[in-house]
Number of protein chains: 2
Amino acid sequence: MKRGRFSFQLLKQGGEGRLGRITTPHGQCSTPAFMPVGSQGSVKALAPVDLQEVGTEILLCNAYHLYLRPGTEVVREVGGLHRFMGWQGPILTDSGGFQIVSMSALREVESEGVRFRSHIDGSLHFLTPAKVVQIQEELGSDIMMVLDSCPPYPASPDEAKAAAALTAQWARQSKEAKGGSGQALFGIVQGGVYPELRRQNAHELLEIGFDGYAIGGLSLGEAKELTFEIAEQVTDLLPKEAPRYLMGMGTPEDILTGVRIGVDMFDCVLPTRGARTGLLFTSLGPLNIKQARYRADAAPPDPACGCYTCCNFSRAYLRHLFLSRELLAYRLNAVHNLFYYHSLVRGIRQALSEDTMDQFVRAFFSQREDTTGSEGGETVC
Amino acid sequence: MKRGRFSFQLLKQGGEGRLGRITTPHGQCSTPAFMPVGSQGSVKALAPVDLQEVGTEILLCNAYHLYLRPGTEVVREVGGLHRFMGWQGPILTDSGGFQIVSMSALREVESEGVRFRSHIDGSLHFLTPAKVVQIQEELGSDIMMVLDSCPPYPASPDEAKAAAALTAQWARQSKEAKGGSGQALFGIVQGGVYPELRRQNAHELLEIGFDGYAIGGLSLGEAKELTFEIAEQVTDLLPKEAPRYLMGMGTPEDILTGVRIGVDMFDCVLPTRGARTGLLFTSLGPLNIKQARYRADAAPPDPACGCYTCCNFSRAYLRHLFLSRELLAYRLNAVHNLFYYHSLVRGIRQALSEDTMDQFVRAFFSQREDTTGSEGGETVC
């Protein structure tokens with residue numbers, strides 16, 4: 001896997017999506033890409049060896065979480081984030097703009113930055129855009145995200161406007177703070193559900209110039225249709241030669257839609273969070289492993305899947321592990337769900353490369369309607 | 001790995017311990033052997049692939065747990081315990097005599113069996129010795145244990161005598177209930193801390209005749225010296241040609257002592273339970289990963305260890321995972337602890353084969369006294 005300074009190569013683009021490749025100091029990843037979430041330096045229940053096996057090429061960690069615990073200096077002393085967590089591939093660190101809003105107490109957004117109390121121990125912190133870049137430089141991630149101001153939904157036009165203005169101001173300060181580490185820095189477009197604010201914010205970010213552009217502040221409660229309407233308005237404004245990242249989304253369906261409006265990168269906790277609630281993503285649709293119908297079901301979760309879980313374990317065993325609260329349940333479920341997500345984006349990439357996206361999407365939905373095979377059938381293992 | 005009807009081959013024996021090999025329908029294991037505990041059909045936090053990697057040759061499951069959940073018939077319908085849990089090596093199933101006492105409510109020991117309420121849902125159950133054999137035959141384990149009557153400690157001579165008598169009666173009924181499945185059946189010697197009761201109980205079991213003999217009812221609160229005094233009195237009475245299993249013990253030191261009084265098989269939750277409390281077993285002695293001194297410690301848990309955990313992760317990372325309650329913590333700790341235990345018994349077997357047990361034991365203890373190397377030093381990975 002080639003390593004090098006950050007770059008994005010757009011291999012193909014059309015009405016059905018974009019095919020590309022991101023190069024980083026820790027190797028490459030193909031786009032569209034799905035990034036598993038390892039907020040605290042661990043994709044929940046999985047070891048790096050599992051991530052390699054399920055097909056992860058790039059993962060996401062969270063600077064806010066790692067800054068609070070174990071502390072940036074601990075990660076630096078142990079040799080940086082890659083060495084700390086034993087993952088040698090590309091890592092994107094989110095800035096924590098969203099987490100400061102959603103997790104911490106006593107949050108006060110000031111012009112210079114955000115003052116907040118740690119959700120772990122209540123300690124007081126003040127983070128500026130420059131400090132957040134510095135944290136990510138010390139962590140040593142491959143792609144850094146600027147600190148943004150993400151207002152909760154619903155936000156009035158005035159609230160959204162103020163947040164977007166602050167996001168642009170902070171984006172500029174982030175860019176100025178960036179040293180010569182060779183790490184990439186992505187801007188984040190805010191502006192709520194207001195097209196004119198989004199347009200203006202995107203233009204401000206483009207003027208500053210970033211290695212990639214993220215669309216933030218969506219999927220916070222607004223209707224899904226509106227989410228993608230706004231997201232598409234933004235992608236239409238972004239330069240073709242930079243990667244676009246739709247933050248915090250989503251379902252398999254969201255990814256299909258996101259790709260078709262020109263998104264290159266996705267992240268979501270759904271596959272790993274679902275693993276911990278018994279939700280398995282399969283080619284036949286979602287499966288709730290807790291259900292009594294799987295009590296003595298010898299079939300694998302997804303007969304069409306070739307992951308470690310599906311090749312070795314039955315629905316009956318996974319249900320038993322889950323109901324018994326065995327720790328192995330969360331891992332086997334997570335292995336399957338991430339394998340599913342990575343297979344999905346691999347399938348999308350192949351369809352884009354072969355100009356067969358339409359057929360791919362039709363097959364995706366028709367498999368789910370035909371649930372007669374869900375109780376058994378030939379397995380791929 | 002040779003598979004076949006159950007047999008035990010005593011390869012060597014002397015004052016320092018016995019070297020042997022157990023053959024089962026699912027392969028062989030060398031003795032002295034340590035069996036990780038997978039009560040509910042899963043060694044906590046570990047997948048079968050991990051067990052292979054850490055060197056597990058045989059593991060223990062619990063018939064009481066599996067009978068209550070998911071139910072014997074579920075395991076049978078899915079193809080038996082090995083297939084259910086994806087482990088193709090030998091499995092010993094404990095009968096649950098001890099768990100019925102320690103976990104269930106409303107326990108009533110009657111002459112015919114034990115009446116109790118499930119610790120899971122309060123349902124009423126009555127298990128006879130014959131029923132417990134039948135459960136284990138349906139599970140399809142390689143080694144079955146008889147239902148025994150294990151009085152809580154301290155037990156008066158009368159209580160211990162009654163329990164031993166019932167254990168002998170039930171042992172006879174278990175043997176009679178056993179079908180032609182090719183599974184081995186082990187008897188369990190009871191008798192509390194009373195040598196005469198132990199002697200009599202052992203003789204009764206020998207008269208019935210079993211494939212192996214376990215020493216039960218120890219390490220329940222009595223002084224460690226007394227534990228091994230009683231255990232040694234029992235092993236002295238047992239036939240050389242059958243394997244001896246000291247149930248539910250123990251620490252690394254217990255295993256060293258047990259081997260020297262002629263024990264062949266051990267099981268204990270300590271390595272996997274310790275994993276979940278942050279206790280790591282190392283060549284330099286126990287290490288509590290929660291301690292602040294490991295906050296930024298880049299060394300692996302045990303520099304002398306070659307396990308996946310020690311080869312890829314630092315004490316600082318393991319401490320972070322543990323304090324963050326990341327699920328990966330329990331797995332990485334369990335991988336290390338079981339690797340340590342299996343390395344220990346492998347070392348013991350080699351020492352027995354080379355007649356160097358004395359040196360082995362001295363080295364074991366002297367490493368722990370010399371803790372100067374515990375903060376770093378050369379690693380084996």
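How many helices and strands are there in chain A? Let's start there, hello everyone. Chain A has 15 helices and 16 strands. Please keep in mind that what we are looking at is a predicted model.

Now, the overall build. The radius of gyration of chain A is 21 Å, close to the 21 Å that the globule rule gives for 381 residues, so chain A is as compact as a globular protein of that length.

Let's zoom in on one helix, α10 of chain A, residues 252-260. Is it enclosed or open? Seven of its nine residues are buried, so this helix is largely enclosed by the rest of the structure. Among those buried residues are Pro252(A), Asp254(A), Ile255(A) and Leu256(A). Thr257(A), Gly258(A) and Val259(A) are buried as well. Just after α10(A) you can find Gly262(A), which takes a positive phi of about 95 degrees.

Last stop: where the two chains meet. The contact takes 34 residues from chain B and 34 residues from chain A. On the side of chain B that touches chain A, the elements giving two or more residues are α3 (72-77), α4 (81-85), α13 (315-323) and α14 (327-354) of chain B. Sorted by class, that side of chain B has 19 nonpolar, nine polar and six charged residues.

Notes: Residues numbered from 1 in each chain as written. Chains lettered and ligands numbered in written order. Predicted model: local features only at pLDDT ≥ 70, side-chain atom pairs only at ≥ 80, totals over all residues. Buried ≥ 20, exposed ≤ 12 C-beta atoms within 10 Å, placed from the backbone. Helix = DSSP H or I, 4+ residues; strand = E, 2+ residues; numbered from the N terminus. Contact = placed C-beta atoms within 7 Å. Nonpolar A, V, L, I, M, F, W, Y, C, P; charged D, E, K, R; others polar. Rg over C-alpha atoms; globule rule 2.2 N^0.38 Å.
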